[in-house]
Each structure stands twice: as C-alpha cells, then as structure tokens.
Amino acid sequence: MEKNVILTTNQITKSFFGNIVLENIDFDLRAGEIHTILGENGAGKSTFLKILSGVYAKDCGQIKLQGKPVEITNILDAQKHGISMIFQELNVLNNLKVYENIFLGREFKKFGLLDEKKTILEARKLLDRLRVSIDPLESVENLKISDKQMVEIAKSLSCDAKIIIMDEPTSSLSEREIETLFALVKQLKEESNISFIFISHRLKEVQEISDRITIFRDGKKISTIDLIEEPYDEKEIVKQMVGRDIGSYYVIHKNVENESIDKEELIRVSNLCSEGEFNNVNLSIREGEILGIAGLVGAGRSELVSSLVGLHPYSGDIQYFGESCKLHSPYDAMKLGIGYVPEDRKELGLIVNMNVRENSTLSLLRQISHLQVINKQKETKIANDSIAKFGVKTQGSEVKLKYLSGGNQQKIALARSLNTEPRIVLLDEPTRGVDVNAKREIYMIISKLVENGISVVMVSSELPEIFGISDRILVMFEGEVTGKFQNLPENHEKVMNALLGVINYEK
C-alpha cells in the first residue's frame, strides 16, 4: 500500500431488495488529493459514498483507514473516523442561524448550559479559515446556495474531517461561485492535507479539479485514471462510463425561422415584471419550437418560468393560445394545456417516499378517481406505460421513487407532466444532476415532443445544452433580457456576451 493512501475499500458489495447496486468495489484515496467518481446515474456512485459516510451499511467487504480495518454503520461512526459528506440537497436547517447549523448537536457548553458566546466565536474562526464573509449570526434561510455550501464545509471542518465527500457540489452554482468553491477546495487540500471525493457529471470541471478519476458502471468499478500521469481523454472517459460510443450528446432539432413563422403562436408574454426578480420580459413561442432560456444563476430565469405557471407573482400580460390569462397555480396552467417540470424535482416535482405508480399519476388524480377513490387499475396502467415510454429503469411501478437514480427520477417527473397531454411544456434545468446517457435520453424525449407539435421552453445553466437543442435562445442577465437569438453558430459569441452582461442586445 502506498504511504499516502489514507482510505481503501476491498470488495464492497451492496444490494437493495435483492438487486445488486454495488459489486466488489476496490477503491483507494490518497491524503491531500481530489478524487472524482464518474458514472451514469444508477452506476452506484452515491450508494458507495453513502456507505463510506455511514448513511448505508455495506453488505460485505472491508473499509480501511490508515491501513486499519474500521466498521462504519452510521453517520456518527464516519464522523469519528474523520469522514464527512456534503449532499447535493444541502443538509442545513434554514430556520437556524449559521453558527447553530455548524455546531448542531455539538454546541459548546459551560456549567451544563449552552455557551453561545464560544460557539459563535468558534464558528467565526472556521468561516475565517475558509476566507468567506458570512456572518455566523445570520439566519441560514437568507443565504444563497453557495454560502450554504460554505456552511456545510465549515460544519465538516468543525468535526475535524480529514475526508470530505461532495455529491454534485456545483450543480446549482454560477461560474464565479464554482471558481470560489474550487479555490477553497484546493486551499484545504494544500494547507490542511484534506482529501476530497467528488461526484460530478460536468466533465470540464472534472478535468479542472481532479487528481484522479474512478469510473463506475452498472455497480462495478471500471477503471481509475491518474490525471497527473495520464492525459485526459474525454471521449474515452464517456465510452467507459456508458460502455459504448454515444457520439453527440444532443439530438439536434432543426426548426429554422422560415419554417416556424406560419405556425400558431402559443405563448406571448408582454412587459412581464416581478419585483426584485425580473423586469419587462417580452417573449413568444410558436407551435413545435424549443426556446432555450440562458443566464447565470440569479438572472431570474427560474422565476420567469415559474411565473408562467402561476407559482411566482408577476405583473404584465401572459397570453396562451391568443387569450390573456391570469394564472394562480400550476393547476390553472395544467387546465390550459401547460406542463411544468421544476428545477428541484424532489421539493416541487415528486414525492420520493411514494412509489413510481403514485408519482406517475400525481397530475391525473381527478381523471383516475371516482368519489375520491383512485382507480388503482387505471393508475397502474398509466404508470407501466410511462415506464415503457420513457425508458425508466426500475423493478416495477411499486418501487419507491427514492430508490431510483436521479436520471430515472427525472424521467418520472417528465412523465408526470406529459401524462396530462400538454401543448406547451416548461422545463427548468431538465438534466440537472443527470449523467450523460440519461441526458441524451431526455433530449430524445424533448425532440419527440416538438415533432408532435408541442412547444418547449427550457431553462438551462449549461450553454452546450442550450446550443445543442434550442431553436431560439433568450438570454437573461440580472433580471433583464439582454438578447434574443436564432440558434446559429454565428450568434453563439453574442449569446455569451449577453449572458455575462457585456452587451445588452435589446437596447
């Protein structure tokens, strides 16, 4: 064993309900390295890291720290051994202050009572160590996501973590916030010899931040690549992840301006405003067209889309199918023939403790029930049709959604919305936290929608995705529309200028 290896696993195996999700995983982590685990959703990445962090217990195999076998059966065991995990859905309590979150359950005491002064002081020391200007007395609910992530890192340091695991840490961050996070990770690696294990689906970031990459596929370890010794080959990495060449990620949908101009206008938005979020937004979309909405985090994209389905307050005029309407809820939108898949599928789109059958039909309860009793036969048929139509990988419709991978959960979120047979679908970050193969499957679903005349409005933080499948692109910067473009290669530099606020093409 190399001297600087601090963690090894041998033959780690895990099953759920007789389904093997991890099989004989051998893995090692060096002191002061950033080791990224790649793989499709369902490859076993998160399950493996949850075993290391004590969320799940392994079925068999061995974990060693500093060469000595250890048993990790719960989160406290992991913390005692210096292992901390920061989940994609951050584990902070919004109703508590920053210092309370950092030392929750481990508060400093004096004469058996809370020593609030010392707890605040120690929290401030940790935040200073991270070189972030977060007030320990601030309520966490007032923090942006990137600062909440810093609170989670401070919490890990307060437990004297030597290994910090981060699951999709950049999925909700802007480019500038990602740079700040990566600078901090490199600082902790170099100054404190802390090791990091990352899960990410953004291959550009993987190349930038990683010392080594381990690839999982179908619950098995495929390879480990040392980027210090070997060149970064993105095509080969993708091939190992999916087990085959997948070519382009994107299904190119072509709908040139001259072809769509005679089609029916389904949406027209005039002077739409929401105080503190966006101002004077004007847009239109025609039948069978994909409008991509691009912008940095905080540009007002999600708030705009949620206003179009009655979830966010607004002033101005929204016309669907030629008539002005005022929407008060997504149900109002659904009755008009508008589907919606929110950015946060677990909070707003799905109920993960319910099964696939129940989630598939959440938007159809009125249609499949009589006298407030759901027709389970109808419900099961719809769910099974959704599983087949959207290629959902599951043991059946009775499996709880929380046991499905992120990509398969997202397919159920799409099915839930599309089962209402909408004419317009609003998608907010439809491939967030989804692997490259599942992304392509989602793009194929979107392509089939527009082939059938359904219009799509898609918010995305990934410019390659916007360029890959949109017909037209609307760009927002700090709440304003800074450009509208036909999706042509010669316009892509303009899109970038508008996205960064360098040029406002609307003025």
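Ile213 has Ile225 in β12 as its bridge partner. The two strands involved, β11 and β12 (residues 220-226), run antiparallel and are joined by 6 bridges. Strands count as paired here if DSSP finds at least two bridges between them. Strands themselves are DSSP runs of E with at least two residues, helices are runs of H or I with at least four residues, and both are numbered from the N terminus. β11 and β12 form a hairpin with 2 residues between them. Asp218 sits in the turn, with a positive phi of about 55°.

This is a predicted model, in which local features need pLDDT of at least 70 and side-chain atom pairs count only at pLDDT 80 or more, while totals for chains, interfaces and linings use all residues. Residues are numbered from 1 along each chain as its sequence is written, and side-chain values use heavy atoms, with hydrogens and water left out.

Stay with β11 for a moment. Arg212 forms a salt bridge with Asp28, and their closest N and O atoms are 2.7 Å apart. A salt bridge means a side-chain nitrogen of Lys or Arg within 4 Å of a carboxyl oxygen of Asp or Glu. Arg212 lies in strand β11 (residues 212-217) and Asp28 in strand β2 (residues 19-30), so the pair ties together parts that are 184 residues apart in sequence. How accessible are the two partners? Arg212 is buried, at 5% relative accessible area. Asp28 is partly exposed, at 23%. The classes are buried for under 20% relative accessible area, exposed for over 50%, and partly exposed in between, using a 1.4 Å probe and protein chains only.

The count of salt bridges comes to 22. Another of them joins the side chains of Lys162 and Asp160, at 3.7 Å from N to O. Lys162 is partly exposed, with a relative accessible area of 43%. Asp160 is also partly exposed, at 49%.

Glu480 and Lys507 make a further salt bridge, with the closest N and O atoms 3.6 Å apart. This pair links distant parts of the chain. Glu480 is in strand β24 (residues 480-486), Lys507 is in the segment after α18 (492-499), and 27 residues separate them. Glu480 is partly exposed at 30% relative accessibility, whereas Lys507 is exposed at 77%. Salt bridges that share partners also join Asp28, Glu33 and Arg212 into one network.

Next comes a sheet. It is open, has 4 strands in the order β14-β13-β16-β17, and pairs antiparallel. Its edge strands are β14 (278-286) and β17 (323-324), each of which pairs on one side only. Strand β13 (residues 265-274) and β14 run antiparallel and are joined by 6 bridges. Leu272 stands opposite Val281 in β14.

For a helix, look at α5 (residues 145-158), where Ser146 is found. Is Ser146 buried or exposed? Ser146 is buried, with a relative accessible area of 7%. Leaving aside neighbours within four places in sequence, Ser146 is in contact (heavy atoms within 4.5 Å) with Leu173 and Glu177.

A cavity is a set of points where a 1.4 Å probe fits but cannot get out. A pocket is an open set with protein on both sides within 12 Å along at least five of seven lines. Lining residues have an atom within 4 Å of a point. Grid points are joined across faces, edges and corners, and a volume is the space filled by probe spheres set on the points.

The largest pocket holds about 1400 Å³ of space. It is lined by 46 residues, and the closest to its centre are Lys402, Tyr403, Leu404, Ser405 and Gly406. Elements that give two or more residues to this lining are β2, α1 (45-52), α12 (345-349) and α15 (406-418). The largest share, 4 residues, comes from α1. By class, the lining has 13 nonpolar, 17 polar and 16 charged residues. Here Ala, Val, Leu, Ile, Met, Phe, Trp, Tyr, Cys and Pro count as nonpolar, Asp, Glu, Lys and Arg as charged, and the others, Gly among them, as polar.

There are 3 cavities of 30 Å³ or more. The largest cavity holds about 110 Å³. Of its 14 lining residues, Arg202, Thr431, Arg432, Gly433 and Glu462 are the closest to its centre. This lining divides into 1 nonpolar, 6 polar and 7 charged residues.

Notes
1 Å grid on protein atoms, 1.4 Å probe; cavity = no way out; pocket = protein on both sides within 12 Å on 5 of 7 lines; lining within 4 Å.
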